[in-house]
Amino acid sequence: MKVLKFGGSSVANAENIQKVVNIVKTNSESQVVVVSALGGVTDQLILAGTLAEKTDEAYKDVLQQLEKKHLDAVRALLPVAHQSSSLSMIKQHFNELEEVCNSVFYLKELSLRTKDRIISFGELLSSKIISAFMQSQNLVHEWVDSRSVIKTNSNFGFAAVDFPATNKLIEAAVKNADKQLFLAPGFISSDSNNNTTTLGRGGSDYTAAIFAAAVNASSLEIWTDVTGMMTADPRWVLNAKTINRTSYQEAMELSHFGAKVIYPPTIQPVMQRNIPTWVKNTFAPAEAGTVIENAEQHDGEIITGISSINSVALLSLEGAGMVGIPGFSKRLFEALASEKINVILITQSSSEHSICVAVNTADAAKAKEAIDRAFETEISQRKVEPLRVETDLAIIALVGDKMKSHPGISGRMFGALGRNGINVRAIAQGSSERNISTVIAAADVKKGVNVLHEAFFEASYKQLNVFIVGVGNVGGKLMDQIKQQKQFLLEHLNLQLRVTGISNSKNMLFVENGNEIDLDNWKEALAAAPATNLDELVQTVIDKNLRNSVFVDVTANAEVAAVYGKLLAKTVSVVACNKIAASSSYESYSRLKSLAKEYNAQFRFETNVGAGLPVIGTLNDLRRSGDKVNKIEAVLSGTLNFVFNNYDGKRSFAEVVKQAQDEGYTEPDPRLDLGGTDVMRKIMILAREAGERIEMDDITNNGFLPATCFDGSVDDFYKEMAKQEAHFKAIYEEAAAKNCKLKFVASFENGKASVGLRHIPDNSDFYHLYGKDNIVLFSTQRYPEQPLVVKGAGAGADVTASGVFADILRVVAP
């Protein structure tokens, strides 16, 4: 004999009930079918009782809606000729239910006993409607009132089963009957005085397990709306997988910590009889689902699943008076037990100076009152501090039988959480090593579950969530490159790169519910998006709280650079094409580097110096490997190199500069390039990365632009350059007379930095530098005579975008 249980989603409406009956028909074995109330009915019944207690006559409206729901189900399921008796039955039950609620209304009191009576109507009605539908389908069966066979104590709301009495009654009613099919309402039972009791929320699973154990069923099947137990909540984790096989012990751990597929006590009756339990999907009955049995083998995974509990409060009792004094823990738990407060998690320091317990947030105030009262004397004598209560917390639990034989699981867990800025408030692990539980902020729970699922179930697959600010010239190229490489990264690097938000100076666009921006139509979507608000943009990035988040700044905006610290402090990595932050005051630069280190984020700005060239990366590699930088010499302006490579006195200097600007090589204001400011910023960044504390004022700038070129607007600048053509031609001719080329060179040596125009002879590394190329020479202890050279294109949208792209990828593979 099998026992099948169908939950609220499986019997939510007439269409679903038809699916249930079809599943029952396909079973050739004799079976007991246990059903829950129609979807959402139990909550509505509780609402009706609560409103009645508050003397709110709206309870009558709730009852009318519920009555209509059940009448509609009958009319949809049964032929007209078979409806009369069922419609009368529903009317009769709702008349009785209304009388009970009327009594609550007048008494202004809703006792647990009365509440059990009210909510029992849900399962009674659904099971009788389904029974009538089975009859109309010529399915011979017997309806069994669970209250007549499941006997409990009088602990209303969460009654304890009297198993000896219950097993005898079920055996007499089911096992010894001549029928092959039985239908019973879940959740409800009765005490020795035949008062209706309930088995607690989710108790329909328990009802099914009680029946299964009593008849020693061949299997128990829990039919729900998901295909078995999952490695994590599929509503949160898009890549959650079905657990094919798990043990009773693992299932109980997962159920305790929030896996809602089965009800925690369900496992115990069937576990004692070694009855396998299947979790299957009513809406995909052909899928195998999950089997729970006495077996620890499950696809070779060390971790079976990840579960969580929301709305948790952490209670901390501490004080010097606790050390070495026995009985404190006992008194703490007695105080909680006296108020019927369930303890979810326990942890105690080895010094005995403190003990922490986690409880449901709803019980926190009551718990504090009870514990402070229990330790009133010690608190008044300052031996113990008043109980400290922290709310807005959650618990994440890793569950797996195999953890006990694999060292390092805790390290991987805490490392993954830490790298994503998730602070662990408390830790608990049982001696069985089947469960590792952590208390974290409730705001981080979805992110935490995803982070751990990625670490343990998607070891070869990592998700990167990117927010790009500035999608103009360079940013647009970056979007194109991401689109081009997206599939390659997934297939070859097991990296899912998702663009989750983009912005320009006018609009900002975000996507919801685990989606990503369409890289084919992002321009149109952005144009139709809300107006850009930088504060709102930053807060949205933080509030989304996505794992492996990267904020990419492809602007030259000081206001955008000013938000880096806020993002880094929330473990959002920053990739900056914008030079402003790294070239601001040393204090600000150092603070950002420290924040990145403190909060396990990354602050990357490779393109600040050489566009796509690996200049900063090479410098960092030299220092990390123990080399010492003695001197840096560099041509760091692709703009200036382009200008002096193309200026020969035949065209005006202003024309060549305009060409550089038109081809995208200059800053919006070319004076930042030609005046040497941009090169000063770059050599300062390199000097800082080499370990030097240096500011812009410490750098000598031997500029070549006449002072009058810095006056007025950019248009004025071009006009003034045209007037100063003789000056520029003289500079060129002086170099040409010496058979030299003009290069704007930056240098750093012995703590001193300078920039300026130089005459470069033909035996110099700088001489054969063409177009917009940059070059950096590192003279170090290991490269004392022949410097290490990094050379290549140092300007242009494509190469700069590729440098930003490389920095983004280094966030997950530094």
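What percentage of the 814 residues of the chain count as buried? In this predicted model, the share is 53%. The chain contains 30 helices and 28 strands. Its radius of gyration is 36 Å, well over the 28 Å that the globule rule gives for 814 residues, so the chain is more spread out than a compact globule. Along the principal axes, the C-alpha atoms occupy a box of roughly 115 × 70 × 55 Å. The accessible surface amounts to about 34,900 Å², and carbon and sulfur atoms contribute 47% of this area. Among contacts with a separation of 6 or more, 72% are between residues 24 or more positions apart.

Strand β4, spanning residues 181–185, is mostly covered, with 5 of its 5 residues buried. In a regular strand, side chains alternate between the two faces of the sheet. From β4, L181, L183 and P185 point one way, whereas F182 and A184 point the other way, and all are buried. Strand β2 (residues 31–35) runs parallel to β4 and is joined to it by 5 bridges; here Q31 has L181 as its bridge partner. Strand β3 (residues 142–143) also pairs with β4 in the parallel sense, over 2 bridges, and W143 is partnered by L183.

An open sheet with mixed pairing is formed by 6 strands in the order β19-β18-β17-β20-β21-β22. I468 stands opposite I502 of β18. Helix α16 (residues 473–493) packs on the sheet and touches β17, β18 and β20 (549–553), its direction making about 155° with that of β18.

Strand β27 (residues 773–780) pairs with β28 in the antiparallel sense over 6 bridges, and D773 is placed opposite A793 in β28.

Contacts between helices are illustrated by α25 and α28. Two packed helices are described by the angle between their axes and the distance between the axes. For α25 (residues 653–662) and α28 (residues 714–723), the angle is about 145° and the axes are 8 Å apart. The contact brings F653, A654, V657, K658 and Q661 of α25 against F717, Y718, M721 and A722 of α28. The residues of this contact comprise 7 nonpolar, 1 polar and 1 charged.

Notes
Residues numbered from 1 in each chain as written. Predicted model: local features only at pLDDT ≥ 70, side-chain atom pairs only at ≥ 80, totals over all residues. Heavy atoms only, no water. Pairing = 2+ DSSP bridges. Helix = DSSP H or I, 4+ residues; strand = E, 2+ residues; numbered from the N terminus. Axes fitted to C-alpha atoms, helices over the stretch in contact; angles between N-to-C directions. Contact = heavy atoms within 4.5 Å. Nonpolar A, V, L, I, M, F, W, Y, C, P; charged D, E, K, R; others polar. Rg over C-alpha atoms; globule rule 2.2 N^0.38 Å. Buried < 20%, exposed > 50% of the residue type's maximum accessible area, 1.4 Å probe, protein only. Areas by Shrake-Rupley, 256 points an atom, 1.4 Å probe, with all protein chains shown as cover.
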